[in-house]
Every structure is written in C-alpha cells, then in structure tokens.
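Morning, everyone. I have one structure to go through, and I will take it piece by piece.

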Amino acid sequence: MARPPSHSEAHMITRLGWLRAAVLGANDGLLSTASLMIGVATAEANYHAIVLAGIAGLVAGAMSMAAGEYVSVSSQADSEAADIARERRELRDDRESELGELTSIYIKRGLDNALARRVAEQLMAHDALEAHTRDELGISDAIAARPVEAALTSAASFAIGAAVPFLTALLMASRNVAVGIAVVSLVSLAVLGAVGAKAGGATMVKAAIRVTFWGAFAMAVTAGIGMLFGTRV
C-alpha cells in the first residue's frame, strides 16, 4: 500500500520568538518616540528641538531594546542550558530512573503503561537527551532562546517604529507637528496591532483597538506634561 504523501504544517508557535520581539520593538519604538516628540512639541519647543528629540529617542531606544532583550533572553538561554546539562548527567548516572520518568509522562498523556514504556524505550534508544529535553523540560528548537536574534530583531523593529513619527515631523516641517505625529502614529499603531494579531493568529480588531487606546492615552499624558511644564526655547 502506498504511503500517503507527507506534508508540513506551519504553526504559530514557530513564530513566537521573533514575532514577540518584533511586535514589542515596533510598538515601543513608535509609541515612545511619538510621545516624546509630542511632549517636546507641546512644551513650545522649537522645531529643531522636536526633531532632535526624535533622533535621540530612536537611537537610544533601539540600543536599549537590544541590550535589554539580549540580557533577558540570555538569562533564559543559560537556564535552558543548565537544565539540559543536568538532564545529561542524570541520563548518564541513572538511565533507568530517567526511563521511568519518560514513561510516566506518556502515561499522563493518555498511553497505557505498556505502550508508554515501549515509546519511551524507543525514543531513548534514538536520542535520549532530545526526548527528555523536549518532553520533560519542554524545550524545543521552535521555542529555544536565541539572544542575538532577539536583540537584533528588537533593535531593528524599534527603529522602524520610531521612524514613523520622526519622518512625519520631517515631512510636516513645523506646521501642526504635534497633531500630525499623533494622527499618523495612532493609525500606524492600529495597523501594527492588527498585523501582529494576524501573524500570531489572534483577533485583529481587538488587538488594534487595545493598542490604539493605550497609545492615545500615553500621548495625551506626555502632551499634558509638556503643556504643564514646558517653556519656550
């Protein structure tokens, strides 16, 4: 009997690493830079100061996101490496107990005792460490921590997001720059929220509304602070 053709399925879990960093970075870059520039604009600063604030926010924010993401994900990677090393030692020192652990995992997932034992034996014969890393520790290639990838993704996505209010200010020159930045940034936030939700398999409308609401709130707060404490420069 002919074997049915195999096919691969694309699941959202394989996107989680880069998707999380990209969406977070772009949102943060757009919102923080827009809020910063609006705050400076409502403080009655001149146009040069507004543009300078945008450049500073873009560069400093991208570097901060990269460093923070690298440190955070590196800590996760270190924890994963320590768990894998411990599992390797346990397999070397007490393989029978590890076989029992794997068997228990498969029993809890619905296999009967005999079948669970056979599955555990065959998987451990093939690659014991891989089987325990995946099924006992819950670590796989799809979700493994990748610090450099996360850092570069965060920095690039932050810079792309921050470029939206910055370029808006350049194109508008000094005419109603605060209003222009707010409108363009809120529309961009809604689009970004919807795209991120679509890529992650979530509801687009709900995500767009959520990110737009909190974006408008953040911009309103910074605008209020700018008007309250601002001085003409």
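The buried residues of α3 pack against α2 (47–93) and α4 (113–135); contact here means heavy atoms within 4.5 Å. Helices are DSSP runs of H or I, at least four residues, numbered from the N terminus. Before going on: this is a predicted model, where local features need pLDDT of at least 70, side-chain atom pairs count only at pLDDT 80 or more, and totals for chains, interfaces and linings use all residues. Residues are numbered from 1 along each chain as its sequence is written, and side-chain values use heavy atoms, with hydrogens and water left out.

Which residues of α3 are buried? They are Glu98, Leu99, Leu102, Thr103, Ile105 and Tyr106, where buried means under 20% relative accessible area, taken with a 1.4 Å probe and protein chains only. These residues cover an arc of only 155 degrees around the axis, so they lie on the same side of α3; the arc is that of the directions from the helix axis to the C-beta atoms. In general, an α-helix has 3.6 residues a turn, so residues three or four places apart point the same way. After α3 comes Gly110, with a positive phi near 120 degrees.

Next, Ala197, which sits in helix α6 (residues 177–200). Ala197 is buried, at 6% relative accessible area. Leaving aside neighbours within four places in sequence, Ala197 is in contact with Ala202, Thr203, Met204 and Ala207. Ala197 and Ala207 are 10 residues apart along the chain, and their C-alpha atoms are separated by 6.3 Å.

Last, Phe213 is in helix α7 (residues 204–229). That is everything I have.

Note on methods
Helices (H or I, at least four residues) and strands (E, at least two) are DSSP runs, numbered from the N terminus. Buried means under 20% relative accessible area, exposed over 50%, partly exposed in between (1.4 Å probe, protein chains only).
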